[in-house]
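Reader: I am new to this structure and would like to learn how to read its features. May we begin with a single residue and its surroundings?

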Amino acid sequence: MADFKYLVSVVIPVYNVEKYIDLCMQSLLNQTIEFDKMQILLINDGSTDSSEELCRVYAEKYDNVFLYTKVNEGASQARNFALDRAEGKYIFYLDSDDTVKPETIESVCSFFDSVYDEVDLVTYRIVQYYNEKPTIVHYRYMTLLKTGVYDLNDPKNRFITQTHMNVCVKNLRENNVKFDTIKHEDEKYCCEILRRKMKIGFCDKGEYVYNRSNINSVVSTQFSPEHIFETSMKLYEDLFDSFPGKVPAYFQGIVFNDFRWKLMDNKFFPLHLQGDEWKKANRRIDSLLSRMDADTIVLHPSVSIEHMHYWLKRRGGCTVVNTPREIMVCCEGKNILSLRSLKLSKKVKENVTECVLASPVFYHLKKRNVVIKRNGEPIDFSFIDTHTDPEHCDPKELYPKFIVDTDVLSNSVFTVEINSVSYKIN
Amino acid sequence: MSSVNVSIILPEVSSAEKFNRFCSSLFTGNLNIELLVCDNSGELNVNNEYSQFVSIVSSDNKTEALNAAINAVKGKFMMFSDENVIFSPDALEKLIVASAGRSAVCNAGIINNGECSQAFTGNFSSEDIGTKPVYFNHLVSCDVVRKNPLVLCGSDTLAIMLFLADYYRYDSFTFLREVLLYSDGDYGFSSDESILYLSQYANAFRLTADTSATVFFVSAVFSALLPAMNENIFSVIKAVVNEFRDDTLLLSWIRSAYGVDTDMLCDENSVYADFKFIGSHIYYREVTLPMVPDAVVRNFYSGKYGIDMLKKCIGAWLHYKFYCRKDGFLKKFGCKLSRKLLGGDFVG
């Protein structure tokens with residue numbers, strides 16, 4: 001394209017990364033593409049360490065490296081600042097503590113050229129490194145298997161969840177999508193670009209080396225619910241509301257994935273809220289879940305069985321079908337759980353034993369549907385119903401529990417009646 | 001004023017355990033539900049926490065009990081159900097919302113050997129709902145049932161399907177493609193009693209029903225009868241197909257969906273047999289049915305009828321027309337003339 005001065009612009013927000021910036025710049029100098037085809041935009045976002053001096057060395061040495069220093073406003077503003085100055089046909093984003101493998105920019109650009117009219121965004125592999133060791137590969141690469149264009153309207157692509165900046169986008173100059181100043185800015189940015197064409201390109205060559213050793217990184221510090229709950233809920237509600245009918249499976253996947261990992265890391269529930277505010281927050285969560293397909297939850301590649309049932313229970317649409325032979329949980333005409341008997345986990349505490357019926361089938365039941373019997377006689381048990389008792393949100397707490405004297409345990413036979421049908425407890 | 005939202009009719013109860021399970025899945029929400037159980041044994045003892053919502057309808061004859069239950073419903077909506085059914089927690093609420101005050105049908109999950117599958121494919125339509133003996137997924141409006149002459153002709157599965165197909169002659173229905181209930185019963189079409197009434201139904205559908213109701217009816221009949229083919233069933237199917245012999249679109253649909261040679265079932269012989277039947281009735285002065293002129297003309301032009309046969313048909317038709325006139329010279333003369341056209345088969 002003759003009217004662009006460079007082939008690519010690489011946007012690098014710089015904030016207190018003196019340890020990493022050299023590595024980052026080095027990875028760009030090592031690219032297989034000629035260095036002067038790239039415009040490097042270093043935006044010093046008010047660093048208080050020696051980052052600025054380190055960057056200046058590069059800016060003075062190379063004509064295509066530009067350093068801008070501004071007051072600290074966060075990565076989003078820094079990126080927007082750079083977008084206004086980008087003169088490359090394509091735009092890459094690189095965080096100053098991360099690097100890219102040498103063939104990345106050349107391969108991604110040449111693939112992008114071949115699908116220029118079809119997509120607005122091309123993604124490439126991102127691998128997380130802790131202390132220079134790669135961690136497990138993200139599940140999205142079970143979908144993104146080879147270079148090509150992926151249709152985001154196709155439900156089988158629902159778990160691509162492009163939420164990081166391992167992307168290359170077209171430079172549309174004044175029409176560029178800008179970053180919001182809120183958190184989750186990467187996610188929102190990618191969603192906004194992708195929904196235009198509902199297609200994403202994937203280039204199999206190249207890799208974004210995502211350094212998770214840097215504890216100052218935004219991701220590791222600010223994702224606690226007090227900071228993020230309101231922002232992310234608002235973001236997801238706006239996203240869902242922008243689709244008057246069914247929300248495309250891809251965007252359901254984005255939101256569910258966020259819910260999923262936050263619950264796993266105990267960062268999901270806004271426990272700082274109380275009373276009506278807490279109830280309202282839970283209603284908001286449930287209303288987002290109710291707009292997701294069951295498949296988004298059931299098929300997610302990295303949700304545990306326990307959590308899957310927890311989320312499905314909140315979403316609704318599951319039915320416990322108990323035949324005399326087995327207990328099944330069915331959702332949209334498919335069984336997602338099938339049990340012949342139930343297991344009792346026991347914890348001995350001196351004279352008494354705490355027993356828990358830890359099966360996700362109970363997420364889908366209410367206390368009135370369940371009777372627990374010891375030697376044929378009904379016994380008292382506690383079983384939290386989240387409809388009446390919404391304060392409890394830890395999935396582990398939502399199982400029926402009861403206490404028996406340890407000395408009678410050996411001659412006790414327990415059974416449970418679910419909707420009047422009786423099952424053995426082992 | 002009726003405060004009951006939904007009346008559920010249970011044609012029979014065979015196991016207390018299943019009945020209790022059925023009740024615990026039915027009475028969950030905030031709806032006012034009445035449950036009418038048909039029980040002829042007089043042995044059913046409703047002994048659970050829901051007994052106040054349950055009434056028992058008994059009669060020596062099961063069909064009468066079911067029709068009595070239909071007459072006794074107090075709800076705005078009614079639904080036939082089965083003790084093997086388990087409702088998902090908000091099934092009835094969702095059906096009521098979807099029905100918009102009329103009727104709605106949802107998908108059902110069928111449990112078989114510990115596996116669950118959907119009764120119908122995701123986008124099922126009126127072509128599909130008759131094909132399976134699944135009647136417990138239709139929520140219908142009691143007003144429509146009361147205002148129209150809807151009765152059950154038997155107590156078998158096909159009778160209930162026919163009732164529902166008949167219902168759809170009077171009301172449109174909304175498809176809710178979600179699976180809202182599950183069943184782990186053994187399903188098969190039973191049709192012992194209702195088979196006697198099929199030609200009457202067929203006549204009513206031909207004369208008054210729209211395509212989707214007709215397709216519902218025809219597919220229920222074929223799905224129920226074809227697997228148990230015998231001489232008796234063959235003649236019933238023939239009678240049903242013959243009723244729709246002018247509806248070429250429907251016949252070709254039957255051909256493609258069920259592989260039935262509809263041409264063979266309403267071939268020239270059977271038209272000729274009808275023709276002779278009418279003719280003999282002319283002789284006995286009990287004319288019941290005119291020939292269908294369109295069919296005769298079409299058969300002539302397609303080469304099925306020769307010129308002689310056409311003449312006979314025109315003769316029979318004219319004879320019928322004259323015969324229906326007031327007594328007098330014109331009737332006498334016309335009948336004489338047309339009998340001549342008819343030829344030797346008919347002796348006036």
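Predicted model: local features only at pLDDT ≥ 70, side-chain atom pairs only at ≥ 80, totals over all residues.

Reader: In which helix does Cys109(A) lie?

Author: Cys109(A) belongs to helix α4 of chain A, which covers residues 104-114.

Reader: Is Cys109(A) buried or exposed?

Author: A residue counts as buried if its relative accessible area is under 20%. Cys109(A) has a relative accessible area of 2%, so Cys109(A) is buried.

Reader: How should I picture chain A as a whole?

Author: Chain A has 11 helices and 20 strands. Its C-alpha atoms fill a box of roughly 85 × 45 × 40 Å, taken along the principal axes. Of its 426 residues, 54% count as buried. Among the contacts in chain A with a separation of 6 or more, 73% are between residues 24 or more positions apart.

Reader: How does one describe two packed helices?

Author: One gives the angle between their axes and the distance between the axes. In chain A, helix α7 (residues 225-241) packs with helix α8 (residues 249-264) at an angle of about 160 degrees, and their axes are 10 Å apart. Because of that angle, α7(A) is roughly antiparallel to α8(A). The crossing in which α7(A) passes α8(A) is left-handed.

Reader: Which residues make the contact between α7(A) and α8(A)?

Author: From α7(A) they include Ile228(A), Met233(A), Tyr236(A) and Phe240(A), and from α8(A) they include Phe251(A), Val255(A), Asp258(A) and Lys262(A). By class, this contact of α7(A) with α8(A) has 9 nonpolar, 2 polar and 2 charged residues.

Reader: Which residues of helix α7 of chain B are buried?

Author: In that helix, residues 198-208, the buried residues are Leu198(B), Tyr201(B), Ala202(B) and Phe205(B). Seen down the axis of α7(B), its buried residues fall within an arc of 100 degrees, and therefore they line one face of the helix. Gln200(B) and Leu207(B), on the other side of α7(B), are exposed.

Reader: What do the buried residues of α7(B) pack against?

Author: They pack against three elements of chain B: α6 (157-167), α8 (211-225) and α9 (231-243).

Note on methods: Residues numbered from 1 in each chain as written. Chains lettered and ligands numbered in written order. Heavy atoms only, no water. Axes fitted to C-alpha atoms, helices over the stretch in contact; angles between N-to-C directions. Helix = DSSP H or I, 4+ residues; strand = E, 2+ residues; numbered from the N terminus. Parallel < 35°, antiparallel > 145°, perpendicular 65-115°, else oblique. Left-handed = near helix turned anticlockwise from the far one by under 90°. Contact = heavy atoms within 4.5 Å. Nonpolar A, V, L, I, M, F, W, Y, C, P; charged D, E, K, R; others polar. Buried < 20%, exposed > 50% of the residue type's maximum accessible area, 1.4 Å probe, protein only. Arc of directions from axis to C-beta.
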